[in-house]
2 protein chains.
Amino acid sequence: MEAEASGLKKQQLHTKLNGPTNSMVTPLLTDLYQFTMAYAYWKARKHLERAVFDLFFRRNPFGGEYTVFAGLEECVQFIANFKFTEEDILYLRSSLPNCEDGFFDYLRGINCSDVEVYAISEGSVVFPKIPLLRVEGPIAVVQLLETPFVNLINYASLVATNAARHRFVAGKSKVLLEFGLRRAQGPDGGISASKYCYIGGFDATSNVAAGQLFGIPLRGTHSHAFVSSFMSPNEIIDKSLCRNDGSSTCEDFVSLVQTWLRKIQVMRSGVPNFCAVALALADLGYKAIGIRLDSGDIAYLSIEARKFFCAIEKEFEVPGFGNMTITASNDLNEETLDALNKQGHEVDSFGIGTYLVTCYAQAALGCVFKLVEINNLPRIKLSEDVSKVSIPCKKRCYRLYGREGYPLVDIMTGENEPRPKAAERVLCRHPFNESKRAYVVPQRVEELLKCYWPGDSGKAREELSPLKEIRNHCMRQLDQMQPDHMRRLNPTPYKVSVSAKLYDFIHLLWLNEAPVGELQ
Amino acid sequence: MEAEASGLKKQQLHTKLNGPTNSMVTPLLTDLYQFTMAYAYWKARKHLERAVFDLFFRRNPFGGEYTVFAGLEECVQFIANFKFTEEDILYLRSSLPNCEDGFFDYLRGINCSDVEVYAISEGSVVFPKIPLLRVEGPIAVVQLLETPFVNLINYASLVATNAARHRFVAGKSKVLLEFGLRRAQGPDGGISASKYCYIGGFDATSNVAAGQLFGIPLRGTHSHAFVSSFMSPNEIIDKSLCRNDGSSTCEDFVSLVQTWLRKIQVMRSGVPNFCAVALALADLGYKAIGIRLDSGDIAYLSIEARKFFCAIEKEFEVPGFGNMTITASNDLNEETLDALNKQGHEVDSFGIGTYLVTCYAQAALGCVFKLVEINNLPRIKLSEDVSKVSIPCKKRCYRLYGREGYPLVDIMTGENEPRPKAAERVLCRHPFNESKRAYVVPQRVEELLKCYWPGDSGKAREELSPLKEIRNHCMRQLDQMQPDHMRRLNPTPYKVSVSAKLYDFIHLLWLNEAPVGELQ
């Protein structure tokens with residue numbers, strides 16, 4: 001009874017695991033070969049062998065030296081609800097007609113209760129080779145998870161990183177709006193772009209569905225069609241507008257606007273219509289929000305508009321009119337933001353769509369999922385291309401921080417090696433380059449991989465954070481990086497290392513596994 | 001009773017309109033500004049005004065001169081089920097706290113029964129400026145459709161075009177497999193990639209969920225992890241294999257493979273293990289499928305493998321062994337396929353992932369949705385950039401075919417102009433260049449826009465075709481194009497024109513709308 005109550009309490013502490021945001025994310029959202037391999041494992045009676053896989057990427061995207069890790073919550077929601085339906089089994093049976101019945105009975109019984117997922121917290125700044133997820137469990141089950149996990153993390157991390165890079169160029173004081181839904185790669189390309197751009201530092205989205213699903217603030221402007229649907233001011237039937245304080249009603253707001261327009265037109269500018277409306281609104285106690293520039297030379301136009309707003313503030317004594325928000329939104333990307341900064345501009349807020357959400361500059365992140373251990377025996381993937389060699393063994397990962405609070409280096413160790421200690425010397429070795437090594441005395445040591453899905457109820461599970469907290473975590477992580485890793489031009493690579501013991505082990509294994517060449 | 005029965009019959013003829021594939025495609029999957037504009041229309045009592053919008057793109061993707069149109073079925077499924085839930089209304093109310101109650105009552109009552117959608121058939125080859133969809137209805141409703149329609153069509157058409165381009169380079173005889181799920185932009189980025197790559201000419205996918213949803217053939221290989229999960233042949237417990245014809249059982253298949261391996265190893269090649277297994281299988285009446293090359297020089301390795309297969313066929317007298325399927329799958333794209341062709345290769349089947357599904361070479365198509373008429377009055381969008389000027393009026397579109405069966409030119413006319421006739425001279429004018437015009441005598445005239453969603457039950461609605469038929473239609477459409485539009489290098493632009501009457505009207509409207517410049 002008490003155990004039950006405490007179990008219930010524990011459950012209530014946790015985010016509800018109702019399944020992934022997109023109901024199309026089911027155990028069938030995987031590659032066929034995961035099932036054919038699962039069958040082969042089953043036939044070889046290997047399917048229950050305990051395997052450890054690392055999910056990691058090999059290169060930071062966008063020519064940068066950092067990546068924002070995202071997509072973890074969706075992965076946890078997925079495995080928490082992993083179960084084949086009878087309809088799924090029926091379809092699999094028809095697709096794999098040569099498999100024995102017993103295999104489908106086995107699939108029917110699968111859930112992820114004996115799978116363990118250790119992961120870096122979502123929104124963290126991460127680097128190549130370091131496992132983002134370490135997944136351990138029966139090999140047949142863990143292989144089935146490969147494709148959905150990689151799918152859920154690749155784009156999420158890519159677009160979160162893209163958002164962080166746009167934020168970096170735009171600067172902290174600007175408002176960044178994600179306007180990408182219509183150009184995104186499909187409906188949930190749009191919805192997940194909104195979610196992960198928010199994590200990466202955007203302030204709001206135009207996507208109403210994403211607002212509803214995730215509580216992201218909504219923002220918008222209006223389109224050209226709206227303007228051109230009005231043939232003349234005569235179409236405005238109800239011309240009255242109540243004062244903001246409710247004290248009286250202006251019976252002909254349109255005339256009030258036209259009066260202002262005549263006063264302004266002597267000042268000759270491109271934004272008189274907006275200003276006339278804004279001034280008439282000010283007369284009635286309302287504050288207009290601002291303008292959007294969607295074409296032309298945005299730097300120049302924003303400066304001219306600002307001058308005009310300031311001139312009006314002075315001319316007609318309307319306090320704050322000069323601070324009117326100027327939003328820009330014409331095919332913006334990192335490069336155009338950078339060019340605007342160099343040119344000088346008066347834009348307060350950027351609406352960014354296509355280049356942000358499709359990750360136009362690099363449309364894919366190459367996360368992979370590699371076997372590193374089976375039955376407690378380490379496995380290595382060799383390749384003539386050293387960047388493709390995987391780091392074997394079930395590992396622990398740490399981030400070592402320096403005196404100024406910056407992360408200095410990430411280090412991977414074997415599972416059972418002692419944890420590096422603050423204020424003690426740690427030898428950090430490049431995993432594949434013998435001569436690259438350094439002693440580091442960390443001020444602080446952070447273990448990166450935490451348990452997000454427990455094999456049994458004995459282990460404490462990390463809480464999944466609300467979106468807003470993931471975003472805050474991401475902002476803090478980006479802030480604490482040494483600036484030379486973050487700059488757009490020639491950033492310095494952040495160091496990723498292995499312990500001396502793991503280094504020796506990798507190279508011993510490599511020699512054992514690699515075929516000996518023979519010259520003829 | 002009779003009317004009811006006939007209605008039922010009509011309904012049964014049609015594809016079931018159960019809603020979009022992805023249940024996240026709801027009326028909230030739109031930009032916030034569509035709601036703020038809808039509110040403004042409602043306040044101005046303009047929301048029921050009848051508007052016509054064209055959905056079109058301005059430039060073909062991937063540096064080519066054609067595009068495959070896809071995504072129509074999802075759009076029709078969407079409007080057929082367009083309805084706000086009470087939960088949606090609650091959320092909108094909280095997001096737009098300044099809107100009057102009456103507006104939400106209005107939203108509650110909206111469906112798309114008074115919207116008309118005319119469209120080009122899905123899988124057609126299409127060109128810039130020609131409307132893919134012409135959407136007519138109450139302006140507030142049609143504006144709400146803009147974002148989801150553009151979202152559903154942009155990526156679908158982009159990735160179908162990308163698939164068609166890969167097919168073009170690979171040639172008709174090759175098997176093309178879509179292997180992109182793990183690198184796609186999110187879960188339904190993967191699922192819709194599988195659907196639209198199939199339309200564009202791929203033969204199969206690795207994505208099991210897409211197989212289940214759409215009946216697309218499934219294919220797969222196996223991963224490196226599978227191989228490295230086995231430490232030695234001793235792990236194979238059940239060594240027996242029954243002959244394919246059931247006549248007897250080989251008790252030690254592993255030894256049979258090893259016997260073959262010793263015979264082959266004197267031939268020195270990279271594929272002896274596969275061949276030993278394939279030969280042992282052949283002994284028992286099975287046919288091995290083939291190998292996958294996933295790294296190294298694919299052209300060279302495929303030629304060497306083919307030589308080896310042929311040598312084995314000859315040496316051991318195994319008929320057909322030389323035709324063993326060789327699949328390749330290492331970061332392939334249009335360029336690498338082209339390079340392989342130039343180098344010469346023996347690959348039968350290509351597995352293509354990242355570059356195909358993320359449309360890496362150009363990650364977005366720029367479909368737009370422009371107001372062309374309101375209350376029977378034409379609207380034009382002007383721009384200093386002539387490629388951004390929209391073509392006004394509710395229009396009809398025709399494809400004119402020549403003697404050899406090739407399409408010669410697409411032409412847009414006003415809605416009430418007479419239809420161009422076969423064997424009669426038609427003046428086709430460039431919409432914005434006065435000097436570009438030509439008389440065309442078409443052999444055949446095809447009207448492009450057909451009714452896919454009726455305003456009332458009086459009109460015949462075009463049937464939504466099954467996926468396989470859409471794919472066949474696409475293959476036929478691609479085949480009938482004149483080759484100079486299709487080539488990868490410097491393709492010839494296909495001509496898109498307007499009638500003489502529409503030309504005159506556009507330019508009259510332009511003069512009327514454009515502000516007269518004033519030099520100072």
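The structure is a predicted model, in which local features need pLDDT of at least 70 and side-chain atom pairs count only at pLDDT 80 or more, while totals for chains, interfaces and linings use all residues. Residues are numbered from 1 along each chain as its sequence is written, chains are lettered from A and ligands numbered from 1 in the order in which they are written, and side-chain values use heavy atoms, with hydrogens and water left out.

Chain A has 520 residues, of which 57% are buried. Its secondary structure consists of 17 helices and 21 strands; helices (H or I, at least four residues) and strands (E, at least two) are DSSP runs, numbered from the N terminus. Along the principal axes, the C-alpha atoms of chain A fill a box of roughly 85 × 60 × 55 Å. Contact is taken as heavy atoms within 4.5 Å. Of the contacts in chain A between residues at least 6 apart in sequence, 71% join residues at least 24 apart.

Salt bridges were assigned where a side-chain nitrogen of Lys or Arg lies within 4 Å of a carboxyl oxygen of Asp or Glu. Over all chains the count by this rule is 62. One of them joins the side chains of A:R50 and A:E136, at 3.3 Å from N to O. A:R50 belongs to strand β1 (residues 50-56) and A:E136 to strand β5 (residues 133-138) of chain A, so that the pair links distant parts of the chain, 86 residues apart. A:R50 is partly exposed, with a relative accessible area of 32%, whereas A:E136 is buried at 11%.

A salt bridge in chain A also connects A:R399 with A:D410, with an N to O distance of 2.8 Å. A:R399 is in strand β15 (residues 395-401) and A:D410 in strand β16 (residues 407-414) of chain A, 11 residues apart. Both A:R399 and A:D410 are buried.

In chain B, B:D203 and B:R471 form a salt bridge whose closest N and O atoms are 3.5 Å apart. B:D203 lies in the loop between α7 and β7 (204-205) of chain B and B:R471 in helix α15 (residues 467-479), so the pair ties together parts that are 268 residues apart in sequence. B:D203 is partly exposed, with a relative accessible area of 25%, and B:R471 is buried, at 11% relative accessibility. Salt bridges with shared partners join A:R50, A:E136, A:K394, A:R396, A:E415, A:R419 and A:E447 into one network.

Between the two chains, 94 residues of chain B are in contact with 94 residues of chain A. The chains bury about 7,600 Å² between them, 59% of it on carbon and sulfur atoms; buried area is the accessible area (1.4 Å probe) that two parts lose on being put together, summed over both. On the side of chain B, the residues that lose the most area to chain A are B:M24, B:R182 and B:Q185, together 11% of what that side buries. Six salt bridges cross the interface of chain B and chain A. B:R182 forms a salt bridge with A:D31, the closest N and O atoms being 2.9 Å apart.

Residue B:E334 is in helix α13 (residues 334-343) of chain B and is buried, with a relative accessible area of 7%. Leaving aside neighbours within four places in sequence, B:E334 is in contact with B:N162, B:R165, B:H166, B:V169 and B:R488.

The cysteines were examined for disulfides, defined as pairs of cysteine sulfur atoms within 2.5 Å. Zero disulfides are found over all chains. The sulfur of B:C99 is too far for a bond from the closest cysteine sulfur, that of A:C242, because the distance is 16 Å. B:C393 is likewise in no disulfide, the nearest cysteine sulfur being that of B:C397, 12 Å away. Both residues are buried, B:C99 at 13% relative accessibility and B:C393 at 11%.

Technical notes. Buried < 20%, exposed > 50% of the residue type's maximum accessible area, 1.4 Å probe, protein only.
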